[in-house]
Amino acid sequence: MEDWKTIKEELLKNPKVLREYKKLEPRYKVISQLIEARLKSGVTQAVLAKKLGTKQSAISRLEAGGINPTVDFLQKIAAALNL
């Protein structure tokens, strides 16, 4: 079985895949940074959700890339994590 790096390299050789990957890259960088900050803070998704007045499932969807958050929501998360 091939590892993820090999599969990713193969997929990104396709210009259409590469173009879509590059379009999504900034979004997933932000998500990765938020997850990292949350984990560094020792805050669970449930605790963060409570601080934001939302549900844990909303944080989970955000971290999975399933929603497109507003700048306001990102600012609330940053404030809740003291960033």
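Predicted model: local features only at pLDDT ≥ 70, side-chain atom pairs only at ≥ 80, totals over all residues.
Arg38 counts as buried, at 8% relative accessibility.

**Exercise 1. Is Glu63 buried or exposed, and which residues does Glu63 touch beyond four places in sequence?**

Step 1. The relative accessibility of Glu63 is 16%. Buried means under 20%, so Glu63 counts as buried.

Step 2. Leaving out residues up to four places away in sequence, Glu63 touches Ile31, Ile35, Arg38 and Gln45.

Step 3. Two of these neighbours can be described further. With Gln45, the side chain of Glu63 makes a side-chain polar contact of 2.7 Å.

**Exercise 2. Describe the salt bridge between Lys23 and Glu20: the separation of the atoms, the place in the helix and the exposure of Lys23 and of Glu20.**

Step 1. The closest N and O atoms of Lys23 and Glu20 are 3.2 Å apart. A salt bridge requires the nitrogen and oxygen to be within 4 Å, so the pair qualifies.

Step 2. Both residues are found in helix 2 (residues 15-41), where three residues, about one turn of the helix, separate them.

Step 3. Lys23 has 57% relative accessibility and counts as exposed. Glu20, at 39%, is partly exposed.

**Exercise 3. How far apart are the closest N and O atoms of Glu36 and Lys40, and what is the exposure of Glu36 and of Lys40?**

Step 1. Glu36 and Lys40 form a salt bridge in which the closest N and O atoms are 3.8 Å apart.

Step 2. The two residues are separated by about one helical turn, because they are four residues apart in helix 2.

Step 3. Glu36 is partly exposed, at 44% relative accessibility. Lys40 has a relative accessible area of 69%; exposed means over 50%, so Lys40 is exposed.

**Exercise 4. How many salt bridges does the structure hold?**

Step 1. The structure holds four salt bridges.

Note on methods. Residues numbered from 1 in each chain as written. Heavy atoms only, no water. Buried < 20%, exposed > 50% of the residue type's maximum accessible area, 1.4 Å probe, protein only. Polar contact = N/O pair within 3.5 Å; in protein donor to acceptor, adjacent residues only side chain to side chain. Contact = heavy atoms within 4.5 Å. Salt bridge = Lys/Arg side-chain N within 4 Å of Asp/Glu carboxyl O.
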